[in-house]
Amino acid sequence: MLRKILYAVIGVFILLLVISVIFVQKSKPIYSGSLALKGLEETVSIYFDTFGIPHIFAENEQDAYKALGYVHAQDRLWQMELMRRIASGRLAEIFGQDLVKTDKFFRGLGIEEAAAESIKALDTALPSFQLAMAYLEGINQYIDQGKTPIEFRLVGVEKEHYTIKDIYNVYGYMGFSFAQAHKTDPLLTDLRDALGGKYMLDLDIDISPKSTLIRNYGKRRKLADNSMSDVYSIMDRLPVPPFIGSNSWVIGPKKTRNKKVIFANDPHIGFSQPSVWYQSHLITPEYELYGFNLALTPFAFLGHNYDYAYGLTMLENDDLDFYLESEGQQYDIREEIIKVKGEDDLHFEVRTGKHGPVMNDLIETLTKDDAIAMDWIYTKIPNELLQVSYEISHAGSLSEFKKGVARIHAPGLNVMYGDAKGNIAWFGAARLYEREALVNSKFILDGGDAAHDKINYLDFQENPQAINPRWNYVYSANNQPEEVNGKLYPGYYLPEDRARRIVELLEDNDEFTGDDVALMINDVTSSVTLQLKRILIQNVSTVNLTDQEKEALDVLKNWDGRYHADQVAPTIYFKLVYLFLENTFADEMGAEKFEQFLQTHLYKRQVAKQLKLNRSIWWDDIRTKEVKELKDEIITRSFHEAISELDDQFGTDLSDWRWSRALSVTHKHSFDKNGVLRGFFNVGPFKTNGGLEVINNQLFKLNDTGVYEVHAGPSTRRVIDFSDIENAKAILPTGQSGNPFSKHYKDQAQKYLDGEFVKMMLNKDEIRASEDVLILLPEK
């Protein structure tokens, strides 16, 4: 009897194993074979290289983009589904009550309404529209005849066809995630109102002209309370990554060994699984591009071919303002309905006035007493990103490329360019504008004051830009551009750290090779940190230091500014910086405002500014009424606390305080919050090199634990040497496919951590040697 039971158990186990194997095999993407697609004019051959990147050979662009849509959906349909649902406020249909606040917020921003207006204005005869529709047709054919991703089955959601509106919704989410005003303006207004204007004087609200600025080149004409605390949690709950920052530099022929342009770019975006970019290579008799696409975007935002290369970083300009509306303001009112999985629908109203939607209707923590409206340039001007992305990915010259870039109104982008003819260029691309001299848009504006409404739009020629500058390179690191019309353009720029390091390295070499640039893009040294740690050390009182504290101080003194995994100094430095900020600002700001402060770019700039101030109203700890603290007292207190807390955390032996124990990265899937599924879908955790505001920018939230989880960083690294164009290289943080059963789900992860690259293949003979070939045939 026992033997029969044992045989039965074994039989069931074998059956389940066989079923599992069959399921896995049937769930994998198809990388070889043949299948028929409707609407193809000719046969399309797709060669998948060693890392799953499709090289699409077609006889015309219509077929090429239809094929791109099909294979993009095959690898990233779940990612597409999430991306289209953000701006339209439909995540709660999948994830339930947890995403209701997020849906309500995005539904009220007016992204869908702005998209509808932009779509009405589209010229359907333009190639950009026709190729976008071909791309969507490819996606929808995959939905109809391809495999259903496992995520759809697990959450019980039905697949739906995609439309041009979904593309525009992705653009809208991208535009909002670039913005910083929603994190900064209400906070500064609350601090000003609570503490007074004197406390604002020492904050780095406006960038110093003495810091490292992006250089212009070329002739131009002369010319509240806890109001927004919910926004942080809303953005944190998103199951897809936000767009954050970036590096890029392009080196002119006079500074390279082989006298050809070298192009580098690494956009910084929130880490997720799958990675944000999808690589593809399109080849037709008249067109070729190796590109990087976002989910649901037909035209690559990053790309190159034999003739030119382009990429982008975030400009960080101010394009979003808040207004305190006056009484009697008239509003249009619309009703919105959010469907919630497993619960009743949510009905709510959104008021929209001359300055945009009223945020009180969208954010629970805002009181209903005063109406705060959000004025966002993205929804005020027709969106041309579809045409922009078409034109920059199809440019035949630098002048054509510039014409495409000039159409960008929002989000603000630094667009980088280099070509085989030796041209290099940087464009600060956005619809920039000027306000009245005394109006500071870093604070909530007065909706009843006509002066606060006056803006003067600038012509694109007045935007910051540089074309073939005499110093033979262009770069961007989300830092402040030089003056425009005698003024520094307002924004939410990041500190000069990465910019200074990039400029140091570029100035130091006139014989750059592609390998030099590959090393540079993985650089983890901060020259700014070296200055700041000297100030910290100078202000630590050496009276009554313990042996452990003396050893820690020596570690900092001898530190070369590198954030390497095996070093101890970064662990001490970031703990010290956090406590220095907390001891300086938290007493006045309060715990909640201080945490909000740490979510802004402002705090990163403030570290350097505050350390350089010997006198500041912020130094005094207002909790100690009988004592007025000075700079050295605050820094010394912070140092003692840092060493004590690190001792409790990592032990008494400083050699155990390695950066690798404090810093880690996990590429999280949208199912990360599910403990059962997390281990299957996530990639990581990993130890990593890098840190805040070095070229290899590993972004994490500064906190009191001394342990940091990287949430964002280089979403790809690209190095394109026009002297060796067929060996241009790139890397993704995890892999090309979002299908967990694919061999390309995470096959780039370790290479990425090790600073290695994958060749972006252009040579047709090498491509055709691939073993994985998928033939798409016209359906008869």
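This note goes through the predicted model point by point, from the chain as a whole to single residues.

1. Overall form. The protein chain has 780 residues and a radius of gyration of 27 Å, which agrees with the value near 28 Å that a compact globule with this number of residues would have. Taken along the principal axes, the C-alpha atoms fill a box of roughly 85 × 75 × 65 Å. The secondary structure comes to 25 helices and 29 strands.

2. A tilted pair. The rings of Phe-427 and Phe-460 have their centres 6.3 Å apart and their planes at 35°, so this pair is described as tilted. Here too the pair links distant parts of the chain, since Phe-427 belongs to strand E16 (residues 424–429) and Phe-460 to the loop between strand E19 (455–457) and strand E20 (465–467), 33 residues apart. Phe-427 is buried with a relative accessible area of 0%, and Phe-460, at 13% relative accessibility, also counts as buried because the cut-off is 20%.

3. A ring cluster, and charges over rings. Ring pairs join Tyr-199, Tyr-578, Phe-585, Phe-594, Phe-597, Tyr-603 and Trp-618 into a cluster. Elsewhere in the list of aromatic contacts, the charged end of Arg-351 sits over the ring of Tyr-331, at 5.4 Å from the ring centre. A further arrangement of this kind places the charged end of Arg-431 over the ring of Tyr-457, at 4.4 Å from its centre.

4. Helix H4. In helix H4 (residues 100–108), 8 of the 9 residues are buried, so the helix is largely enclosed by the rest of the structure. The buried residues are Val-100, Thr-102, Asp-103, Lys-104, Phe-105, Phe-106, Arg-107 and Gly-108, a list that includes the charged residues Asp-103, Lys-104 and Arg-107. Just after H4, Gly-110 takes a positive phi of about 90°.

5. Cis peptide bonds. The peptide bond from Gln-273 to Pro-274 is cis, with omega near 5°, and Pro-274 lies in the loop between strand E5 (262–270) and strand E6 (278–283). Another cis peptide bond joins Ala-410 and Pro-411, with omega about 0°; Pro-411 is placed in the loop between helix H13 (398–405) and strand E15 (413–419).

6. The C-alpha atoms of Pro-274 and Asn-739 are separated by 8.2 Å, although the two residues are 465 residues apart along the chain. Asn-739 is found in the loop between strand E27 (729–731) and helix H24 (749–753). With a relative accessible area of 12%, Asn-739 is buried.

7. Asparagines with positive phi. Asn-468 has a positive phi of about 45° although it is not a glycine, and Asn-478, likewise not a glycine, has a positive phi of about 65°. Asn-468 lies in the loop between E20 and strand E21 (473–476), whereas Asn-478 lies in the loop between E21 and helix H14 (497–507).

Technical notes. Residues are numbered from 1 along each chain as its sequence is written. This is a predicted model: local features need pLDDT of at least 70, side-chain atom pairs count only at pLDDT 80 or more; totals for chains, interfaces and linings use all residues. Side-chain values use heavy atoms; hydrogens and water are left out. Rings of Phe, Tyr and Trp (its six-membered ring) pair if their centres lie within 6.5 Å; planes under 30 degrees apart count as stacked, over 60 as edge-to-face and the rest as tilted. Helices (H or I, at least four residues) and strands (E, at least two) are DSSP runs, numbered from the N terminus. Buried means under 20% relative accessible area, exposed over 50%, partly exposed in between (1.4 Å probe, protein chains only). A charge sits over a ring if NZ of Lys or CZ of Arg is within 6 Å of the ring centre and within 35 degrees of the ring normal. The radius of gyration is taken over C-alpha atoms; the globule rule is 2.2 Å times the number of residues to the power 0.38.
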